Amino acid sequence: MRVFAISDVHADFRDNLQQLAQLSTQSYREDALIVAGDVSHDLAVLGQTLRIFLERFRHVFFVPGNHELWIRADQHRNSVEKFRDVLRLCESLGVHTGPEVIGLGQERVRIVPLFSWYARPGEGSDSLYRERGAEEAAESVWADDYLVKWPELENFRPVQFFLDMNGPRVSAEHAVSAISFSHFLPRQDLMFAVAGEAPQPGPDPPRGAFNFSSVAGSTLIEQQIRRLGSRVHVYGHQHRNRCRCYDGIWYVSNCLGYPEERSGQRVPSAAAVLKVIWPEQFSML
C-alpha cells in the first residue's frame, strides 16, 4: 500500500479535470490518496472530482480549503454551513474527513485530516504574516474577502473554530506512525525558497496585489502537528511544491495549481500530478 498526496486541483478548469480523469483506474487499487483542499467551490464539481479519485484509490482523504467555503449563490447562509455540507457530501461518497488507520504490517499508518484556516495580521501572534518592502495596499483583491461569509457571532475566530475541531484527533495516542494534512501552511519558513530546491515560477511568496503571507496559515496548525507527532505533514494553498524536513517531520506540498501556472512546465503525464509520501522516500525538491 502506498499513500499519495495532491492539493489545489482546481477542477473548475477543464484541463485540470482532464488531467485527473486520465489517472489509471488500475494502478492505485490498494493505495490511498490525500487531497489537501481547493478542489472547487461548486459542490457538484467537488463531488465529480472526488468520485474520480474513489474510482481509482482504495481510500480517499480530504479537507476543505478556502475555495470550498466560497459562497457564490444564496444556497448557504454562511461558510460554516457550507463547510458542514461539504463534510456531509464526503460522508455520503465514502471520502474520509476524519482519522483512519490503514494498511497492514509495516505499511500501517494513521492518516489524520486537520481542519484549518489562516490568521490575518493583527488577529493574533499565530499569524504567518511577514512584512516586506514596498508593501502593496490593495489587499482587498483577495477573493475570500468577498466570497467567504462567517457567522455573525461575537468573538468568532475562523482559525480557532476549525482547529478546535481537531482536538480529539491530535490528543489520541496510537502505536502507528501518523501522517497529518491541512490545506493551510503551518510554518512561515515553508513560504520561501531555500538553496537546492527546484526553481519555482515567480517569487516566493508571489508578488501580486497583496502579501500572501497575510493569508497563509497559522502556527497553531504546527502546534497540533507536533502534538500529534506526525512523521509527514501535507499542506497546500500556496501553489508552491515543497518537500522539507524540520525537526524530524517532513512537510510536503504537491499542488496541481492553475493551468497557466503550468504553462511552459507541462505535467508530462497524468501520474506525474501525484506524489508518493508513504512509504517515506523523500529528498529536497
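The conversation below sets values for this model against the definitions behind them.

Modeller: This is a predicted model, in which local features need pLDDT of at least 70 and side-chain atom pairs count only at pLDDT 80 or more, while totals for chains, interfaces and linings use all residues. Residues are numbered from 1 along each chain as its sequence is written, and side-chain values use heavy atoms, with hydrogens and water left out.

Colleague: How many helices and strands does the chain have, and what makes a run count as one?

Modeller: The chain has eight helices and ten strands. Both are DSSP runs numbered from the N terminus, a helix being H or I with at least four residues and a strand E with at least two.

Colleague: How do you know that the span of helix 2 agrees with its number of residues?

Modeller: The expected span is 1.5 Å times one less than the number of residues. Helix 2 (residues 43-54) has twelve residues and should therefore span 16 Å, and its end C-alpha atoms are 16 Å apart, which agrees. Helix 3, with 15 residues, reaches 21 Å from its first C-alpha to its last, close to the 21 Å expected.

Colleague: Why is Ser182 called buried?

Modeller: Buried means under 20% relative accessible area, exposed over 50%, and partly exposed in between, with a 1.4 Å probe and protein chains only. Ser182 has 0% relative accessibility and therefore counts as buried. Of the 285 residues of the chain, 55% count as buried.

Colleague: Where is Ser182, and which residues does Ser182 touch?

Modeller: Ser182 is in the loop between strand 6 and helix 7. Contact means heavy atoms within 4.5 Å. Leaving aside residues up to four places away in sequence, Ser182 touches several residues, including Ala36, Val63, Ile221 and His233.

Colleague: Which residues cap helix 2 and helix 3?

Modeller: Asp42 caps the N-terminal end of helix 2, with a side-chain oxygen 2.8 Å from the backbone nitrogen of Ala44. Asn78 caps the N-terminal end of helix 3, where a side-chain oxygen lies 3.1 Å from the backbone nitrogen of Val80.

Colleague: Against which elements do the buried residues of helix 2 pack?

Modeller: They pack against helix 1 (14-21), strand 2 (32-35), strand 3 (59-62) and helix 3 (79-93). Among these buried residues of helix 2 are Val45, Leu46 and Phe53.

Colleague: How do you know that strand 6 and strand 7 pair?

Modeller: Two strands pair if DSSP finds at least two bridges between them. Strand 6 (residues 178-181) and strand 7 (residues 232-235) have three bridges, in the parallel sense, and Ser180 stands opposite His233. Strand 2 and strand 3 also pair in the parallel sense, over four bridges.

Colleague: Why do strand 4 and strand 8 stand at the edges of their sheet?

Modeller: Six strands form an open sheet in the order 4-5-6-7-9-8, with mixed pairing. Strand 4 (100-102) and strand 8 (242-246) each have a single partner strand, so one side of each is left without a neighbour in the sheet.

Definitions and conventions: A polar contact is a pair of N or O atoms within 3.5 Å; within protein, one must be able to donate a hydrogen and the other to accept it, and residues adjacent in sequence count only if both atoms are side-chain atoms.
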